[in-house]
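This report walks through selected local features of a structure. Please keep the sequence and the coordinates open while reading.

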Amino acid sequence: MGVRIADRVGMPELDVNRRLKSFEEVATGYTEEMAIAEASRCLQCPTKPCVSGCPVGIDIPTFIKDVKNRNYESASRTIFASNNLPRICGRVCPQEKQCEAVCVLSKMKDKEPVAIGRLERFVGDLQIEREMPGSLQTSKRRVAVVGGGPAGITVAADLATKGYRVTIYEAFHTMGGVLVYGIPAFRLPKDTVVDEAEGIASMGVEFVRSQVIGRTLPFQEIRDDYDAVFIGIGAGAPRLSGVPGSNLNNVFSASEFLTRVNLLNAWQFPEYDTPVVVKRNVAVIGAGNVTMDAARTAKRLGAENVTVVYRRSEQEMPARREEYLHAIEEGIDFKWLTLPTEYIGDINNNVSAMRCARMELGPPDESGRRRPEKVDGSEFDMEIEMVIEAIGQKANTVLRYGFPGLELNPWGFIKTVEETGLTNLEGVYAGGDIVTGAATVIEAMGAGKKAAESISKYLDSL
Amino acid sequence: MSHKILAKRRLSPRLYEFWLASETIPKYAKPGQFLIIRIDKKGERIPLTIVETSQGKVKIIVKCIGKSTFQLAMLDEGTELAEVVGPLGNSSDIRDYGHVCVIGGGVGIAPLLPTARALSAAGNTVTSILGAASSEQLILLEEFEELSDDLILMTDDGSAGKKGLVTDALESLLEEKKVDQLWAIGPAVMMKFVSAIAADRDIPCWVSLNTIMVDGTGMCGACRAEVNGEIRFACVDGPEFDGRNVNWNELIKRQFQYADLESAALKRFEEEVGDLSWV
């Protein structure tokens, strides 16, 4: 009956043995042939559910049609009209929960949705030079963007295309924020991030690196100097379990472990100066994308046994399926329904074991997931020499002292008007993880888009 | 923005003073705050307490311990550093306490200077106790002479001042005079024992924690320490805490977390550049 729809084109991947010896990108990307075949699966349905599934509203069917017709320049234009970072989003967006989740194909029996993310990446990787508006900086209005991560880059690029003068203040030596210090190169190559993030310089955006607003430069000074400010500084502080033994040696936050490796190239120590510790038996606590990143990084750095320890079960795991499957392929072990209750140290205060309790799932909690409860008398010890805690993020403490007058919610994140990103201070907007708590790259970019729109309206009203 | 080494001076073997170019740090730095430098694009982030500022420049004093600090000491004036970030951390709680005793040990004398100066300017009577292995490591004596009401010098070998530890001098001082506030910066072991005396005598005692750091902005928790039974980050909650509340044994052991890798890096550097004993 009707059209026969081909199977989804698989993503070519690096051989597992090679992966474990390098930080090369695992998913190697569609060839042109594959891209066209995948693009041909799109039904071009007039309702375009995928577009509303995209936090930045890319006109997905249109760019896919262009790919099918090998009209790549047009495809690139379509994507760039809504998204400044297609190479990044094509790789790290959770499409299976967004655009692809609502694809009509996914509703059909035995059919998988169109691989929208992979096609976006394919177009982005062609690196077709984007057309810039005829004249940049047509407005006199100046905007300061605090934080060079996904939200900040989006705000900056959108405002720059509208003609405003934008400066990004970044705490580190390179743009990209969590894309650089958080996500490992085997998932998102650093050159890609730097090319794409710093590419917005061609739109006239200025970068000021190594400045921590609220610390190395007062927030008030930025407010006085610019007509509007956008704060997109990321969640910014690691959540630590705080169980007894948390400060033993070789107990790390995922943020520390990944920052050393990703931002400061510790995987190339001693060629690079920043060291990173790796032991034989490593436990990684949590089950999110950061957990997978930390576990797979530890394995690449030479850990023999890497075990992900999670207090709930596989069904509740927040990590992307794709990352979970990659982790399994790479030999990561998973211990479900297990909660560390204490880290035990040796005479030198190095962690040597982890006491755990077995859990069972009770009734659903406020997150809608079944609440894990300790099984009495189920405690057991695991022999490990290193722990990486990847259990989430808290609000950046710089907000508490560095941004006087800014209203925060009870968890320390910035309070904003949801539709506009406006804070309680005039001309000051915020978005991304520092408003929502740790979320996804594309959600931060979506918030950036909304904020850019509101900032533009605000500046025009001045 | 330039981060050039404007001037470099060897104070004693393996102890160097640098003036670095910085447009913004001198404008905002307060006593007790630190900065982070990265030497080159392969460099690690090195936290160092700010010693002094002047228009367009900032002074740091560095002891050569590992690969990066030796490398820094060997750079020529005029070299552009990859990164200088600061000021970071909270400033010292400067007020008029009455009689303050400030204690500096070894290279810890350097970061103590701006705080001691500010305490003196705030009207405190300042007794300074400075200690080092020998006279050549006793630095900034003129500066401390000028700001202190009383200056006591201690060396391990007796080559300057009295032979003995700063804690010996502190004990004798406390026999004679009432001290309202202590301030101690130096090796963790020194700060631990000063804090123990402070606890015994019920005297508040600020110390500056020099834990291992990565980003220095509260993002990673590498610098965490147990203070009053809670996890605190030296970079954003400190670096100064009341030493009486610090879990010193744990902190001291945490400082050795990367010791093997650090010595491997230094050995490799020595093989590359040759003997380092002249530095």
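## A buried threonine in chain B

T127(B) sits in strand β9 of chain B, residues 125–132. Helices (H or I, at least four residues) and strands (E, at least two) are DSSP runs, numbered from the N terminus. T127(B) has a relative accessible area of 2%, so it is buried. Buried means under 20% relative accessible area, exposed over 50%, and partly exposed in between (1.4 Å probe, protein chains only).

Which residues touch T127(B), leaving aside neighbours within four places in sequence? They are H99(B), V100(B), C101(B), V102(B), D150(B), I152(B) and L173(B). Contact here means heavy atoms within 4.5 Å.

## Basis of the model

This is a predicted model: local features need pLDDT of at least 70, side-chain atom pairs count only at pLDDT 80 or more, and totals for chains, interfaces and linings use all residues. Residues are numbered from 1 along each chain as its sequence is written, chains are lettered from A and ligands numbered from 1 in the order in which they are written, and side-chain values use heavy atoms, with hydrogens and water left out.

## Helix packing in chain A

Helix α2(A) spans residues 32–39 and helix α4(A) spans residues 60–68. Their axes come within 8 Å and cross at roughly 130°. Axes are lines fitted to C-alpha atoms, for helices over the stretch in contact, and angles run from 0 to 180 degrees between N-to-C directions. The pair is therefore oblique. Angles under 35 degrees count as roughly parallel, over 145 as roughly antiparallel, 65 to 115 as roughly perpendicular, and the rest as oblique. A35(A), I36(A) and A39(A) of α2(A) meet I64(A), V67(A) and K68(A) of α4(A). By class, five of these residues are nonpolar, none is polar and one is charged. Ala, Val, Leu, Ile, Met, Phe, Trp, Tyr, Cys and Pro count as nonpolar, Asp, Glu, Lys and Arg as charged, and the others, Gly among them, as polar.

α4(A) also packs against α5(A), at about 165° with axes 8 Å apart. The two helices are therefore roughly antiparallel. From α4(A), the contact uses T62(A), F63(A), D66(A) and V67(A). From α5(A), it uses Y72(A), S74(A), A75(A), T78(A) and I79(A). The classes are five nonpolar, three polar and one charged. E73(A) lies in α5(A), residues 72–82. At 53% relative accessibility, E73(A) counts as exposed.

## An enclosed helix

Helix α12(A) covers residues 254–263. How many of its 10 residues are buried? The count is 10 of the 10, so α12(A) is largely enclosed by the rest of the structure. Among them are E256(A) and R260(A).

## Backbone exceptions

- K48(A), in the loop between α2 and α3, has phi of about 45°.
- N250(A), in the loop between β5 and β6, has phi near 70°.

K48(A) counts as partly exposed at 30% relative accessibility. N250(A) is buried at 5%.

Chain B has cis peptide bonds. One runs from G86(B) to P87(B), with omega near -5°. P87(B) lies in strand β7. Another joins G238(B) and P239(B), with omega about 10°.

## The A–B interface

Chain B gives 44 residues to the contact and chain A gives 46. The buried area is about 3900 Å², with 53% from carbon and sulfur atoms. Buried area is the accessible area (1.4 Å probe) that two parts lose on being put together, summed over both. K42(B), M219(B) and Y258(B) supply 18% of the area that chain B buries against chain A, more than any other three residues.
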